[in-house]
Amino acid sequence: NPTNLYDQKEFKSMDYALSFHAGLRVRMGSRSRSKAPEDKIISGLESVWRIWEQAAEDLDKIEEIEDCQAIGVKCRSVLVQLVKNISNSSMVPPGETPPKKSDFVNWSNFIANDLCQGSSRARLRSYLKEISQSCWELVGWLTHSESATKVEADFVLKATENLLYCYSHLLLEKNTKPPEKCPKCGSYRIYLDYRSEKNKYFSLCEVCGWEKEAKSS
């Protein structure tokens, strides 16, 4: 019971202890909510996650509708910076004209095709395109909404985080190229394990424990 951690000399009643504990949890939750997942801040996307963190920090400072709209503006910057950092001309099929660097929607289609290649990933590819389009429209709506609320700003912020998480995860997989199956036991249960103390990723087998540092391409 976490309330047993509070000194009874300082906290005279259970109600007081519970109130303090609840307030502490809210403050801790607010602090962690504004931090990007450490294991997904991969090389090349640090600046993108930094913009998202700034938007998340601003969420608790909202007082006016304009503050909610400002969250939308920052989320739009997240999306535009995301495609600027990931996109390159090799993703555009021969004969097609590359979109402008700030054209998030069209670039997101090309990036989805590049990160989710092959028929086995058709559903992933389709999903990534759909949530990219939806998130862009949602961000635009919040930016211009004349009745935006903090709840709606939080919703848009989470939608942006989810999209950024998806791109980061797929880009990480592409760059590190983990083996399809374990070279020791043959299992396909391979996943990328982030070691914060070393700031590195390792390919790890869930079955036999085999591991190897994942080299970025």
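Is F110 buried or exposed? Select this residue in your viewer: at 12% relative accessibility, F110 counts as buried. Keep in mind as you look around that this is a predicted model.

W107 and F110 both belong to helix α4, 3 residues apart, about one turn of the helix. Their rings form an edge-to-face aromatic pair, with 5.9 Å from centre to centre and 70 degrees between the planes. W107 has 2% relative accessibility, so this residue counts as buried.

Next, select F104 and W136. Here the ring centres are 5.4 Å apart and the planes meet at 20 degrees; the pair is stacked because planes under 30 degrees apart count that way. F104 lies in helix α4 (residues 104-115) and W136 in helix α5 (residues 122-144), so this pair ties together parts that are 32 residues apart in sequence. Colour the two by accessibility: F104, at 1%, counts as buried, whereas W136, at 22%, counts as partly exposed. The model has 3 aromatic pairs by this rule, and you have now visited W107 with F110 and F104 with W136.

For the last stop, show helix α2 (residues 46-59) and helix α6 (residues 150-176). How do their axes cross? They come within 11 Å and cross at roughly 160 degrees, which makes α2 roughly antiparallel to α6. The crossing of these two helices is left-handed.

Zoom in on the contact. On the α2 side, look for V48, W49, W52, A55, A56 and L59. Their partners in α6 include L157, T160, E161 and Y165. By class, the contact of α2 with α6 has 10 nonpolar, 2 polar and 3 charged residues.

Methods: Residues numbered from 1 in each chain as written. Predicted model: local features only at pLDDT ≥ 70, side-chain atom pairs only at ≥ 80, totals over all residues. Heavy atoms only, no water. Phe/Tyr/Trp six-rings, centres within 6.5 Å; stacked < 30°, edge-to-face > 60°. Helix = DSSP H or I, 4+ residues; strand = E, 2+ residues; numbered from the N terminus. Buried < 20%, exposed > 50% of the residue type's maximum accessible area, 1.4 Å probe, protein only. Axes fitted to C-alpha atoms, helices over the stretch in contact; angles between N-to-C directions. Parallel < 35°, antiparallel > 145°, perpendicular 65-115°, else oblique. Left-handed = near helix turned anticlockwise from the far one by under 90°. Contact = heavy atoms within 4.5 Å. Nonpolar A, V, L, I, M, F, W, Y, C, P; charged D, E, K, R; others polar.
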